[in-house]
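Here is a quick briefing for anyone meeting this structure for the first time. Take a look at the sequence and the model, then read on.

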Amino acid sequence: MAHEVVDGSSMQRALTRITYEIIEQNKGVDDLVFVGIKTRGIYLAKRLAKRLKQLEQIDVPVGELDISLYRDDLHIPDHHIEPTVTSSDIDVDITDKHVILVDDVLFTGRTVRAALDALMDLGRPTKISLAVLVDRGHRELPIRPDFVGKNIPTAMDEQVNVAMEEYDGHEDITIEKIKK
């Protein structure tokens, strides 16, 4: 049974706060590129770009990153099968840009590590920052977010689910026990 910990309006406030922090820490938004990690990270990146446009009247490019090929935790090596990549869509050259990588939940850090590898194959950014809606702890790698919407401490036998209107038809953040 899932337990709601954040409702849709609180999610929006968290994203607005992240947007203000990005503006403040970057002393502007020149050379910024948002890159969302598929799937929900893309919708979050688009929302951050939209809010930034409302606040600063500047269009920040948004890219989509598929990290399937770079995962080390969901992948069994089989040299007879070609891996499937659904696609990355980044229409702007990220070289010499400040890339803000966006994801919904930061947990072990393995997804972010894979995303960093994928980004480096696409170009050489001046800087890469990480924005996450939820940081739930339990890192396995030395990765820390630069911008966090909510810190939600969890147990290892719990799962954090982010629902977004664009993908799920409703908005909230829930925690549920993982059945073993």
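Lys 46 has a relative accessible area of 42%, so Lys 46 counts as partly exposed (buried means under 20% relative accessible area, exposed over 50%, and partly exposed in between, using a 1.4 Å probe and protein chains only). What you're looking at is a predicted model, where local features need pLDDT of at least 70, side-chain atom pairs count only at pLDDT 80 or more, and totals for chains, interfaces and linings use all residues. Residues are numbered from 1 along each chain as its sequence is written, and side-chain values use heavy atoms, with hydrogens and water left out.

**Salt bridges**

- Searching the whole structure turns up 11 salt bridges (a salt bridge is a side-chain nitrogen of Lys or Arg within 4 Å of a carboxyl oxygen of Asp or Glu).
- Lys 46 has a salt bridge with Glu 64, with the closest N and O atoms 3.7 Å apart.
- Glu 64 sits in strand β3 and Lys 46 in helix α2 (residues 40–56), so this pair ties together parts that are 18 residues apart in sequence. Helices (H or I, at least four residues) and strands (E, at least two) are DSSP runs, numbered from the N terminus.
- Another salt bridge pairs Lys 97 with Asp 31, and here the closest N and O atoms are 3.5 Å apart.
- Lys 97 is in the loop between β3 (62–65) and β4, while Asp 31 is in the loop between α1 (8–26) and β2 (32–37), so the two tie together parts 66 residues apart in sequence.
- Lys 97 is partly exposed, at 23% relative accessibility, and Asp 31 is partly exposed too, at 45%.

**A buried pair and its network**

- Glu 171 and Arg 47 meet through their side chains in a salt bridge of 2.1 Å, N to O.
- This one links distant parts of the chain: Glu 171 is in the loop between α4 (165–168) and β8 (172–177), Arg 47 is in helix α2, and they are 124 residues apart.
- Are these two partners buried or exposed? Glu 171 is buried, with a relative accessible area of 17%, and Arg 47 is buried at 13%.
- Arg 47, Glu 166 and Glu 171 belong to one network, joined by salt bridges that share partners.

**Strand β5 and its partners**

- Strand β5 (residues 127–135) is mostly covered, with 7 of its 9 residues buried.
- On one side, β5 pairs with strand β4 (residues 98–106) in the parallel sense over 8 bridges (two strands pair if DSSP finds at least two bridges between them).- Leu 106 stands opposite Asp 135 in β5.
- Strand β5 also runs parallel to strand β6 (residues 147–151), joined by 4 bridges, and Asp 135 stands opposite Asn 151 in β6.

**Arg 136**

- Where is Arg 136 placed? Arg 136 is in the loop between β5 and β6.
- Arg 136 is buried yet has no salt bridge, and the nearest side chain of opposite charge, Glu 158, is 5.8 Å away (Lys and Arg count as positive, Asp and Glu as negative, and His and the chain ends are not counted).
- The side chains of Arg 136 and Thr 154 make a polar contact at 2.8 Å (a pair of N or O atoms within 3.5 Å; within protein, one must be able to donate a hydrogen and the other to accept it, and residues adjacent in sequence count only if both atoms are side-chain atoms).
- A polar atom of the Arg 136 side chain also lies 3.1 Å from the backbone oxygen of Ala 155.
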